[in-house]
Structure formats: C-alpha cells, structure tokens
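Welcome! Take a look at the sequence and the model first, and then read on.

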Amino acid sequence: SPTIAFDGEKGITAKLILKLKLLSDVGIIGLPNVGKSTLLSVCSSSKTKVADYAFTTLYPELGVIFLSDYEDFVMADLPGLIEGASNGLGCGIRFLKHVERCSVLLHVLDGTSKDPLLDYYTIRKELSLYSSQILDKPEIIAISKIDEIDDFLLDEIKRKLSSSTSRKIYAFSSIIDDSILVTLEVDATRKYLMYYCILMNEGYAKTAKVFLNEANDEFGHIQKLQNRILFIERSPGYDSIDAFVGKKDIEMIIADMIFSEETAMQAYEEAIVIAEKIGDHGSVAFFEQILSDEESHLQWLRSQRDIIDSIGAAAYLQISGC
C-alpha cells in the first residue's frame, strides 16, 4: 500500500443542465393528429401509438427506413406542435429542440383541415421563433389523409401550397397497409382449408375440391403480398385475424366465404383508388391482378349459393358428392 500521501486541493462544484437532442436524418413535423405516427408506422417497423386524438405521441419515436441492404436512414416522429409552442404551450420547447438535430424536415399537413396553408405557416412561425436557423433546413411538404378528400380539393390544396411556398407538394395516404390485406388473405385461406375438410367429411367432394383450389390461390396471394412487404423492408402483421369458428351447414359455409371474399374485394378496391390518386401505377396493377382472382372466387361462390337456393341442400349434396 502507498506510504506517501499528499493533501488534496479544493475541487470545482457546478450544476449542469443537460439537454438531450434527438438525432435523425428526417424529422416529421406538423400539427397534432395530422398522420405523422401513422406514416412512420407504415414506412418502418416502428410500433408508435396511433389514435384519433391530439397529442397521441408524447415522446419522439424513431423508425429505420431501409432502401437496400446497404442503405437506410432514420426517421423521427416528432410530437405535434401547436401555435405558441415556442413559448411553451402544448409540449413546447422540449419538442422543438429535437427539430434542430434533424437533417431534413418532412412537414405533414392534414388534407381534411379547413386551411392547410394556414397550418403550414403556423408551424413555420413557431420554428422561426424558436430558432431561425431551422428554417434553412431542407423541407419536404406532404399532404396526408388524401383518401378522405376528392381529387378537386387535393389539386386546389396543392396549387395553393405550391404557389405560396414555391415548392413541389407531395400527397399520400397511409391507409394502404399491405399487412391488412395479408390478414384478409390468411383468414380466407384457413377458412377454405377448414371448409375443404368439413365438406369432404360431409360428402361434398366436388365442392370441396374447388375450395382446395381456392385455398391455393389465396395462399399465392399471401406470398405475393409478403414478397411486396419484404421488398420495402417491413414486417407482415397478423394481429387483427379474428377467431375462426368452422361451420358445417353448406349454406352457412358458402355465405361465410362470400362475406370473406367481399370484404377482401372492398379492401383491394379501396387500395386501388388510393394508389391511383397518388400515381402509384405499380401498386394499381398489382392490386388489380389479385382483385381479378377474388372476383372469380366470389362469382363461383355466388353461383353455388344460387344453385342451393334453387334445388335445396339435399339435392346439392347429390350433384356435389361425386
């Protein structure tokens, strides 16, 4: 042990306030409830909270967007700003400070707002009052929720914003969620397979074979959708699959599958409308191809329902049992 010691000198005491500033490539800014969290959730695997009320996001959320095996960037969902944020209103400065560390700002405006142009300048004003240097950052302006407005209104909003800001205006809808379509396809596939087994056991051999073919088609749709999702580096989700209860009555089986096919077709039709609105022609062609298959499935199911209504379940069993 040491045998020599020296008297210590008086140290320095200080109180420090440390500010954590989030570091990201892209920061999503905008008023509360404009769709920032939804956008991040469908672009990445982020599980940020999404709900239909203001200040759903209370803390910044990060998501990684993969462009390829070697390229990616970090996007931050910054909680909604309001007028007066630079003076501490809402969550105020503790949100604004994160904007300083973002390389690019993605300014999201609600397409259903009464005045998106006013919303835009409300946020820009708060940014300038906090730090004028933020206004020099590259900015992308995007209109959200375009599935809820018509084409004429969308064009008018884009024209006003472009004229006022001298920027190109983008538009998007986060409602096209491939994971929802996967869920519908998985639900239809398992029903077709389960009903195949039931129908074979009940003696409806011909009908059962068609159900097996339909299940193969639906499984092919799942593979296509999963490949599409994995291509854009997202994770297929199955959280919303309902509990499945098999039915043995032939009329109920046909009715159940008609409902499943109609539900899926409606989802694809809505996806096509939105994809057309934003000019995503690749998605339009992709969804139309699957929709065509679903239409043929539904047409066959309805024809079987009509036959049963016409001749009865007992006679249908006779013609379907060979």
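Is R305 buried, partly exposed or exposed? R305 has a relative accessible area of 35%, so it counts as partly exposed; buried means under 20% relative accessible area, exposed over 50%, and partly exposed in between, with a 1.4 Å probe and protein chains only.

This is a predicted model, in which local features need pLDDT of at least 70 and side-chain atom pairs count only at pLDDT 80 or more, while totals for chains, interfaces and linings use all residues. Residues are numbered from 1 along each chain as its sequence is written, and side-chain values use heavy atoms, with hydrogens and water left out.

- Strand 5 covers residues 139-144; helices (H or I, at least four residues) and strands (E, at least two) are DSSP runs, numbered from the N terminus.
- Because 5 of its 6 residues are buried, strand 5 is largely enclosed by the rest of the structure.
- On one pairing, strand 5 runs parallel to strand 4 (residues 102-110) over 6 bridges; two strands pair if DSSP finds at least two bridges between them.
- Within this pairing, L106 stands opposite I140 of strand 5.
- To get from strand 4 to strand 5, the chain passes through helix 3 (residues 116-130), and this β-α-β crossover is right-handed; that is, with the strands pointing away from the viewer, the path from the first strand over the helix to the second runs clockwise.
- Strand 5 also pairs in the parallel sense with strand 6 (residues 169-171), over 3 bridges.
- Here A142 is the residue opposite Y170 in strand 6.
- The chain reaches strand 6 from strand 5 by way of helix 4 (residues 151-165), in a β-α-β crossover that is right-handed.

**A closer look at H107**

- H107 belongs to strand 4.
- Its relative accessibility is 0%, so H107 counts as buried.
- Beyond its neighbours within four places in sequence, H107 is in contact (heavy atoms within 4.5 Å) with residues including I29, G30, Y120, R124, E139 and I140.

**Salt bridges**

- The whole structure holds 8 salt bridges, each being a side-chain nitrogen of Lys or Arg within 4 Å of a carboxyl oxygen of Asp or Glu.
- One of them joins the side chains of K145 and D110, at 3.2 Å from N to O.
- K145 sits in the loop between strand 5 and helix 4 and D110 in strand 4, so this pair ties together parts that are 35 residues apart in sequence.
- K145 and D110 are both buried.
- Another salt bridge brings R124 and E139 together, with their closest N and O atoms 3.3 Å apart.
- This pair links helix 3, where R124 lies, to strand 5, where E139 lies, across 15 residues.
- R124 and E139 are buried too.
- R305 from the opening question forms a salt bridge with D306, with the closest N and O atoms 3.9 Å apart.
- D306 is partly exposed, at a relative accessible area of 44%.
- Shared partners also join R124, E139 and R167 into one network of salt bridges.

**A nonpolar patch on the surface**

- I307, I311 and I319 form a nonpolar patch with about 220 Å² of accessible area together.
- Patches are made of residues with over 30% relative accessible area and no salt bridge, where like charges are joined within 9 Å and nonpolar side chains (Val, Leu, Ile, Met, Phe, Trp, Tyr) within 5 Å.
- Accessible areas come from the Shrake-Rupley method with a 1.4 Å probe, and for residues only the protein chains shown count as cover.
- I311 is found in helix 8 (residues 281-311) and counts as partly exposed at 39% relative accessibility.
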